[in-house]
Amino acid sequence: MHLATRLAFIGLVSISSTETWAHAVLERKEASPDASYRGVVQITHGCAGSPTTKVSVTIPEGVVGAKPMPKPGWQVTTTKGAYARAYPYYHGSISEGVKTITWTGGSLPDDQVDEFTFFARISDAFTPGQTVYFPIQQDCEKGSYSWSEIPALGTSAHTLKEPAPGVRIVAAQAAPAMPAHSYTVGSLRISHPWSRATPNGAQVAGGYLSITNTGTDPDRLTGASLGGASRGEVHSMSMEGGVMKMAPVEGGLVIKPGEAVTLKPGGYHLMFLDMKAPLKKGEPVKGIITFERAGPVTVEFDVEGIGAQAPSDNGHVH
């Protein structure tokens, strides 16, 4: 290849890469209907050398429950309004919420990059194959960009001067097989609640289960109830100086995003108090476990033998 041609080719590649890099973009470019979405806005440059001082994201119709992540050195504000219709939202519905999220008060130099994060849920308004666009306004000390152009049907965003970042909607991956005796509410999966049989006259009983948080927000197990008990609490058990100690978990047990927590004998567990009748092996008991975000969940506790250390598999799935 002749030198002039090679230089021209390199120049074209450089210009194309620079233009692509120059756009405000979303790190995660795919999402699924009825699923959580973590939006990370990446700002890669200022305005002709001028520092970025404000970033504002418009939340499109059909994306619900948006919440911004605080950012050190910046103030975050939101505007709220009614949705065009009510959308399914975890174990209920939602008809209004955040429409725009704005970060101000900071200063991002032109030669540095940074990220601005929010969480939301992609509703059932979208189907696989569609693209949902998040317009972004970027203001600088001098100048601004309005990343809000949306390509016409059948055209490419590459032809636009200030394109809005797009997220392609894809089908959700097949969920792994649910473990036996499981319940799902929102992003929480509750697996195999069980208890032990209790002798006649016993005033307390233990409750055990596993909880997996598949979402992007933490939740908190705050309490429980069981048929025949006056109340239930979340307890911890630990060894201190060779002595077993048990105490309520103040404020509840946090279930972090992506985390699985198992309540079992000798560790975290539910304690049911003031039992009115004994629990009998093989006779399941209805109960309720309560979460800070997901709310109350009705479950069935299998009852194993006195002294059991793990549940048997009876094959229930809910």
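A disulfide joins cysteine 47 to cysteine 140, with an S to S distance of 2.0 Å; the term denotes a pair of cysteine sulfur atoms within 2.5 Å. The model is predicted, so local features need pLDDT of at least 70 and side-chain atom pairs count only at pLDDT 80 or more, while totals for chains, interfaces and linings use all residues. Residues are numbered from 1 along each chain as its sequence is written, and side-chain values use heavy atoms, with hydrogens and water left out.

**Disulfide**

- The structure holds one disulfide.
- Cysteine 47 lies in the loop between strand 3 (35–43) and strand 4 (52–58) and cysteine 140 in strand 10 (residues 136–140), so the bond ties together parts that are 93 residues apart in sequence.
- The torsion about the S-S bond of cysteine 47 and cysteine 140 is about 65°, which makes the disulfide right-handed.
- Both cysteine 47 and cysteine 140 are buried, a class defined as under 20% relative accessible area, with exposed meaning over 50% and partly exposed in between (1.4 Å probe, protein chains only).

**Chain-level values**

- Of its 318 residues, 41% count as buried.
- Among contacts in the chain with a separation of 6 or more, 69% are between residues 24 or more positions apart; a contact means heavy atoms within 4.5 Å.
- The accessible surface of the chain is about 16,600 Å², and carbon and sulfur atoms contribute 55% of this area (Shrake-Rupley method, 1.4 Å probe; for residues, only the protein chains shown count as cover).

**Aromatic rings**

- Nine aromatic pairs are found in the whole structure; rings of Phe, Tyr and Trp (its six-membered ring) pair if their centres lie within 6.5 Å, and planes under 30 degrees apart count as stacked, over 60 as edge-to-face and the rest as tilted.
- The ring centres of tyrosine 83 and tyrosine 87 are 5.8 Å apart and the planes are at 70°, so this pair is edge-to-face; tyrosine 83 and tyrosine 87 are both buried.
- Tyrosine 145 and tryptophan 147 form a stacked pair, at 4.9 Å centre to centre with 20° between the planes.
- Tyrosine 145 is partly exposed at 23% relative accessibility, whereas tryptophan 147 is buried at 2%.
- One aromatic cluster is formed by Tyr37, Phe118 and Phe134.

**Charge over a ring**

- The charged end of lysine 71 sits over the ring of phenylalanine 116, 5.0 Å from the ring centre (criterion: NZ of Lys or CZ of Arg within 6 Å of the ring centre and within 35 degrees of the ring normal).

Definitions and conventions:
Helix = DSSP H or I, 4+ residues; strand = E, 2+ residues; numbered from the N terminus.
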